[in-house]
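This report is meant for a reader meeting the structure for the first time.

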Amino acid sequence: QGFGTRKINLGELEVVKITEFERVWSCSLLRGKAEGVTFYKPVGIPDGFFCLGYYCQPNDQPLRGYVLAARERVASSTEVYCDYDSDTDFPALRKPVNYSLIWSTDCGSGCGFFWLPNPPLGYKAMGILVTDTPDEPDVEEVRCVREDLTETCEIMDTILATDVNTFQVWTTRPCKRGMFCKGVSVGTFFCCTYFISENQELEIACLKNLDPSLHAMPNLDQIHALIKHYGATVFFHPKEDCMPSSVQWFFKNGALLYKDGKVNGEPIDYLGSNLPSGGTNDGSFWIDLPRDDNARKNVRNGNLESAELYVHVKPALGGTFTDIVMWIFCPFNGPANLKIGLMNIQMSKIGQHVGDWEHFTLRISNFTGELWQVYFSQHSGGEWVDAFNLEFIEGNKPIVYSSKHGHASFPHPGIYLQGSDKLGIGIRNDTARSNCFVDSSTRYQIVAAEYLGGVVTEPCWLQYMREWGPTIVYDSRSELDKIISLLPLFVRFSVENIFDLFPTELYGEEGPTGPKEKDNWVGDERS
């Protein structure tokens with residue numbers, strides 16, 4: 001089908017991923033880094049396709065990026081593009097009128113000249129061109145895209161920041177991202193010599209996927225093949241005592257459903273069929289551990305043997321990537337471990353709660369089927385890590401390290417501080433390899449893939465939109481007062497400032513909602 005064929009139909013345009021480059025110019029003016037950056041011209045563009053812009057990246061990482069090249073398609077009689085005005089006579093691609101010089105310099109390794117294509121009326125530029133001479137590029141070098149086939153984009157990571165005329169270079173991404181969004185990243189960069197505000201529209205745009213079939217997304221067999229090939233191994237800390245379990249094990253071993261106004265909870269069916277379905281988290285229902293002390297302790301400890309990853313597959317960046325989101329459930333989130341300078345303090349209550357849903361995401365290129373990035377969810381945020389910066393096991397399977405008690409995901413073992421690195425005060429996230437792990441390439445269940453149109457049957461418990469644990473608010477002042485008394489006088493803060501250093505979830509127990517209630521179920525990951 002369309003997955004992994006290196007070309008993707010976006011409606012009126014067909015795009016191909018270009019990964020061959022010719023060096024144009026390098027610069028080492030990057031603030032705080034000596035490695036510098038290099039700017040590249042895409043080469044090896046297939047006949048009939050046109051360049052949309054140039055590429056750049058830092059020199060301290062492998063050359064692994066891409067840009068898209070495009071050509072116009074002729075729609076068949078059965079194809080409909082919902083955002084397309086059929087009365088227009090404008091082609092999808094046109095040459096720029098000319099170029100504007102954005103910036104130029106000689107940094108000791110040759111001259112660099114940055115050019116913005118000036119598009120015809122009704123068209124948008126997709127990227128910047130770079131030359132090593134002052135001669136304006138030929139208009140045949142690049143193409144602009146008709147405005148209705150584009151979406152707005154925003155700056156993302158800073159690649160180059162100079163002290164010369166405040167010139168800066170950034171990667172870009174679509175402003176609107178998520179499962180139902182159409183924006184397609186072109187892979188080009190943006191640069192300017194003026195201040196860019198957060199919501200400012202750039203002078204370049206990204207593409208828009210107007211093909212409703214999302215033909216480049218993997219089918220069910222391909223999804224299974226991708227998971228078997230790239231499924232991560234999740235390692236838990238050697239001293240972890242709050243292990244994951246399957247949802248079914250959690251229900252079968254005594255989890256109770258409570259309703260507001262009723263004292264006693266009722267057992268939950270093995271499949272979760274008696275859980276309230278749909279709606280929103282209105283506080284009227286919640287799940288708790290068994291009331292019997294022995295059963296409660298048993299469930300709290302989890303059951304690694306039953307644990308599995310629950311997989312949600314969805315389009316990303318306009319269907320040019322596939323996000324394989326892997327959710328893991330832990331019956332209990334243990335108390336936090338605080339770091340105060342050289343001191344480490346194990347809390348008795350702060351940070352603990354019933355029910356803990358965590359996830360990581362494999363982002364797969366639909367052009368080639370290769371693993372592009374992995375997202376590591378970390379409490380209220382997270383980070384994308386490129387494939388070349390991951391640890392791997394058994395070939396192409398990345399490693400995910402789950403932090404002790406909190407179950408946040410990290411790419412490497414060690415201690416990660418959530419708080420103030422400068423002061424050395426915050427919540428410790430300890431990660432290490434151990435004999436306790438779950439191999440998601442074999443222990444998984446696909447629970448949702450909406451774009452396949454009913455091929456995947458969603459389990460009953462996935463429709464439960466309320467909390468997976470009770471809400472208990474308790475006074476953290478006593479524990480924090482003990483912490484403050486241990487601080488040296490010169491770093492002692494007011495109670496209010498200490499509170500500001502820690503995540504708000506530490507000051508009470510509140511069970512999390514399930515995967516479908518999370519922003520990233522439909523939206524993009526936080527980064």
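Five helices and 38 strands make up the secondary structure of the protein, and the model that shows them is a predicted one. Of its 527 residues, 55% count as buried, and the accessible surface comes to about 22,800 Å², with 49% of that area belonging to carbon and sulfur atoms. Among the contacts with a separation of 6 or more, 67% are between residues 24 or more positions apart.

How many aromatic pairs does a search of the whole structure find? The search finds 31 of them. In one of these, the rings of Phe-39 and Phe-189 have centres 5.4 Å apart and planes at 65°, and because an angle over 60 degrees counts as edge-to-face, the pair is given that name. Since Phe-39 belongs to strand β4 (residues 37-42) and Phe-189 to strand β17 (residues 189-192), this pair ties together parts that are 150 residues apart in sequence. Both Phe-39 and Phe-189 are buried.

Another pair, Trp-103 with Phe-167, is stacked, because the planes of the two rings are at 10°, with their centres 3.9 Å apart. Trp-103 lies in strand β9 (residues 98-106), while Phe-167 lies in the loop between β14 (150-161) and β15 (168-174), so that this pair, too, links distant parts of the chain, 64 residues apart. Trp-103 has a relative accessibility of 4% and counts as buried, as does Phe-167 at 0%.

Elsewhere, ring pairs join a cluster that includes Phe-250, Phe-251, Tyr-310, Phe-329, Trp-357, Trp-461, Tyr-464 and Trp-468.

| Charged residue | Ring | Distance of the charged end from the ring centre |
|---|---|---|
| Lys-17 | Tyr-66 | 5.3 Å |
| Arg-64 | Trp-372 | 3.8 Å |

The last topic is helix α1 (residues 220-230), in which Ile-223, Leu-226, Ile-227 and Tyr-230 are buried. Seen down the axis of α1, the buried residues fall within an arc of 95°, and therefore they line one face of the helix. At the start of α1, a side-chain oxygen of Asn-219 reaches to within 3.2 Å of the backbone nitrogen of Asp-221.

Note on methods:
Residues are numbered from 1 along each chain as its sequence is written. This is a predicted model: local features need pLDDT of at least 70, side-chain atom pairs count only at pLDDT 80 or more; totals for chains, interfaces and linings use all residues. Side-chain values use heavy atoms; hydrogens and water are left out. Rings of Phe, Tyr and Trp (its six-membered ring) pair if their centres lie within 6.5 Å; planes under 30 degrees apart count as stacked, over 60 as edge-to-face and the rest as tilted. Helices (H or I, at least four residues) and strands (E, at least two) are DSSP runs, numbered from the N terminus. Buried means under 20% relative accessible area, exposed over 50%, partly exposed in between (1.4 Å probe, protein chains only). A charge sits over a ring if NZ of Lys or CZ of Arg is within 6 Å of the ring centre and within 35 degrees of the ring normal. The arc is that of the directions from the helix axis to the C-beta atoms. A polar contact is a pair of N or O atoms within 3.5 Å; within protein, one must be able to donate a hydrogen and the other to accept it, and residues adjacent in sequence count only if both atoms are side-chain atoms. Contact means heavy atoms within 4.5 Å. Accessible areas come from the Shrake-Rupley method with a 1.4 Å probe; for residues, only the protein chains shown count as cover.
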